[in-house]
Amino acid sequence: MKKKTRASISFHDDLVNTLKGDEEAQLEYIKANFEDNGDEPSAILSAIRIVAEARGFKNFAESADLNRENLYRVLSEGGNPRLDTFFKILDALELKLSVESKAKVS
């Protein structure tokens, strides 16, 4: 008797598929990553890369006014985008950066 094998999908691929077409969920995902990993730029860039994949890398690169190869590089593990590039990416996500005090509110 032949065993049936179940096709599996990686967590990464499942996350990208879940976020496809749902900009609200994409933005919440990035926001949560900023809140949870604000001191880990690579985690934030990884979250942005997942959203870029969900939106289609080519389309996302065009909306950020970047070429696709440059976007792959800056969002890769160890990527280190220039500040102007980071702001282009945030603009393509329709996000803005704000600054708050680290002081805890009682």
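Tutor: A polar contact is a pair of N or O atoms within 3.5 Å; within protein, one must be able to donate a hydrogen and the other to accept it, and residues adjacent in sequence count only if both atoms are side-chain atoms. This model is predicted: local features need pLDDT of at least 70, side-chain atom pairs count only at pLDDT 80 or more, and totals for chains, interfaces and linings use all residues. Residues are numbered from 1 along each chain as its sequence is written, and side-chain values use heavy atoms, without hydrogens and water.

Student: What makes N70 and R73 a polar contact?

Tutor: Their side chains come to 2.3 Å. The limit is 3.5 Å, so the pair counts. N70 sits in helix α5 (helices are DSSP runs of H or I, at least four residues; strands are runs of E, at least two; both are numbered from the N terminus).

Student: Why is N70 called buried?

Tutor: Its relative accessibility is 17%. Buried means under 20% relative accessible area, exposed over 50%, partly exposed in between (1.4 Å probe, protein chains only). So N70 is buried.

Student: How do you know that F57 and Y72 are stacked?

Tutor: Rings of Phe, Tyr and Trp (its six-membered ring) pair if their centres lie within 6.5 Å; planes under 30 degrees apart are stacked, over 60 edge-to-face, the rest tilted. In it, F57 and Y72 are 4.0 Å apart centre to centre, with 5 degrees between the planes. F57 lies in α4 (57-63) and Y72 in α5 (68-74), so the pair links parts 15 residues apart in sequence.

Student: Are F57 and Y72 buried or partly exposed?

Tutor: F57, at 7%, is buried. Y72, at 35%, is partly exposed.

Student: Why are α2 and α3 called roughly antiparallel?

Tutor: The axes of α2 (23-37) and α3 (41-55) cross at roughly 170 degrees and come within 9 Å. Axes are lines fitted to C-alpha atoms, for helices over the stretch in contact, and angles run from 0 to 180 degrees between N-to-C directions. Under 35 degrees is roughly parallel, over 145 roughly antiparallel, 65 to 115 roughly perpendicular, the rest oblique. Therefore this pair is roughly antiparallel. Contact (heavy atoms within 4.5 Å) involves residues including L27 and F34 of α2 and I44 and V51 of α3.

Student: What makes P81 buried, and which residues does P81 touch?

Tutor: P81 has a relative accessible area of 17%, so it is buried. This residue lies in the loop between α5 and α6 (83-92). P81 touches L45, V74 and F86, leaving aside residues up to four places away in sequence.
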